[in-house]
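Thank you for making time this morning. Please bring up the sequence and the model on the screen, and I will talk through a few parts of it.

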Amino acid sequence: MSEHLIGLLLGAEEDWPRAFEELVHRMGPVRYGGETHDVRAERLTIEPFNLRSTPRTDLVIDRLAHWYYHPREWLKKVALMDDVYLLNSPFTFQSMEKHSAYCALMRLGMHVPETVLVPYKNPLDNVRWAYTSGRYNAPFDLAAVARDVGYPMFMKPFDGGAWRGVSMVRDEAELHRSYDESGEMLMHLQAAVDGFEVFARALTIGPETMVMNFRPDQPMHERYAVSHDFLSPAVGAETRTIAQTVNAFFRWEFNSCEMLVKDGVVYPIDYANACPDVAVTSLHYYFPWAMKSLLKWSVYCAVSGRRARTQVDTGPWFDIADTDASYDAKLADYQRLSDDYFEVEKYRDFVGTALPHVDEMVLEWVTSPSFDAILVDTVRSTYPPHEHERFLAHFRGLTGLWARDEAALAG
Ligand SMILES: Nc1ncnc2c1ncn2[C@@H]1O[C@H](COP(=O)(O)OP(=O)(O)OP(=O)(O)O)[C@@H](O)[C@H]1O
Ligand SMILES: [Mg+2]
C-alpha cells in the first residue's frame, strides 16, 4: 500500500474544504499501476519549519500564499527541495500576475482590450523614491493617454483581485478622480468591452473546464446562471481553449478566466486568479462539478506521481504565436500544447480505470444528509437568521437540480 497526503492551506473557507475532505474519505483506496494507493487530505498548520525538513505532503492545494508570506515561503521550499506538487505554485503566481497574463495573451494573439500601464499616482513610501521620481519620472498627460485608450474604460490594479481598486471610467472627470484615489496602487487603463452579450467565466482545474454564464451585476448567489447553451459550440470551444491555454502557459492549475463575448469575438479580461472562488454559495449548481474535478485532478497528480515544474516555458507557445498562421489555427495548436501539458490522455485513462466509481459516488454524496449538513452550516454562517430559510431553499434547489441532471446523464 502506498500512502499519499494532500495538504490544504486554508483561509476562512469551511464549505469546500469540508466537501473535499469528505470526498477523499468516501473515495477509498485507489488501484493504479498494480498497486493500492491510500489518499488522505489534511489541513496544514502554520509553524516554524527547518528548511531541510521533509514534508509529509505529496500535493498541496493552496489558498493562502497570495497574501500570507509564511506559507508562501514554505510552499517554495517544498517545491524546490521536495518536489511537492502545488495547486498553484507561488513561483508563477508571484512573478506572473494579471499584467503578465495580459502581455502573454496579447502575444498569443488573443483579443485583449487595449491596455496601458500608468505610473503610480503617489510616490511609494521609500526614501529613495523622491529622488528617482524627481529625476526620472517623465511628466505625462493622463487625459491624452486615456483618449488613446478610449472611453468607457476600466482603471484597475496591475495585480488586483476581488474588485479592489477597480472602477469604470466614463469621462475625464472620472479619470482624474479614479487616478487620484489609486494612491499607491499601480494601475492599468483598459478599454471597456462595452455592450457585451455574454460574460463567460471559466473555472479550470487541471484539464477540466466549466464555462459558466456569469452575471456580474447580480448579487453573489445569483451571479452564475444555470444555462447550458448560452454560447455557440464554436465560441464555447474557443473560451475553453483560451482558459486552458492561460493555465498551461503559466502552469496555473486551479484558476478562473473571465471573458466577454461581443459580436462573436471573445475578449479575455481577467485570468489570473490564484485563489478562484469555489464557494458553494456562489457556484451552487456547479459546486459538485468543481469538487469532483478538484478530487480527480489532485488524486491523479498525487497517485500518478506527475512531476511538478516550477518554471514557465514560453518557447513552444511563442513558436506558434509568432507565425503567420490564422487565429483559429493558433488556437488549435494551443489546445494541443495544453492537452500535452495536462497529460489529457493519461489523465482520462486514469479516471476511467482508477476512479471509475467517482461520478456515482459524488452523486450519492450530493443527495446525502452529509452534503445537506454542509449547506445548512454554510447558510447559517453566511447569512443573517431571517434569510436562512430562503437561502437554504435556494441552494438545496440548485444542487438538487444538479443531482437530477447528473442522474439523467448517467442514465
Ligand atoms: N475591459 C473590461 N471591459 C468590460 N468590463 C470589465 C473590463 N475589465 C473589468 N471589467 C469589469 O470589472 C470587473 C472587475 O475587473 P477584474 O476582473 O479585472 O478585477 P478583479 O479585481 O479580478 O475582480 P473579480 O475579483 O471580481 O474578478 C470584471 O468582472 C468586469 O465586470
Ligand atoms: Mg476578475
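Predicted model: local features only at pLDDT ≥ 70, side-chain atom pairs only at ≥ 80, totals over all residues.

Which strands does helix α10 lie across, and at what angle does it run to β10? Helix α10, residues 287-304, lies across β10 and β11, and it runs at about 35° to β10. Residues are numbered from 1 along each chain as its sequence is written, and chains are lettered from A and ligands numbered from 1 in the order in which they are written. Helices (H or I, at least four residues) and strands (E, at least two) are DSSP runs, numbered from the N terminus, and angles run from 0 to 180 degrees between N-to-C directions, with axes fitted to C-alpha atoms, for helices over the stretch in contact.

Turning to the sheet, five strands form an open arrangement in the order β12-β11-β10-β13-β14, with antiparallel pairing, where two strands pair if DSSP finds at least two bridges between them. Because β12 (224-225) and β14 stand at the edges with a single partner strand each, one side of each is left without a neighbour in the sheet. Helix α8, residues 233-250, packs on this sheet and touches β10, β11 (208-214), β13 and β14, its direction making about 140° with that of β13; contact here asks for C-beta atoms, placed from the backbone, within 7 Å. Between β10 (residues 198-205) and β13, which run antiparallel, there are eight bridges, and R201 stands opposite E258 in β13.

The ligand brings us back to some of these strands. Around ligand 1 there are 17 residues, the closest being F154, G160, A192, V193 and D270, where near means a C-beta atom, placed from the backbone, within 6 Å. At least two residues of that shell come from each of β7 (153-157), β13 (254-262) and β14 (265-270).

Elsewhere, the axes of helix α6 (residues 142-149) and helix α7 (residues 172-182) come within 10 Å and cross at roughly 120°. At this place L142, A143 and A146 in α6 meet E172, L175 and Y179 in α7.

Methods
Contact = placed C-beta atoms within 7 Å.
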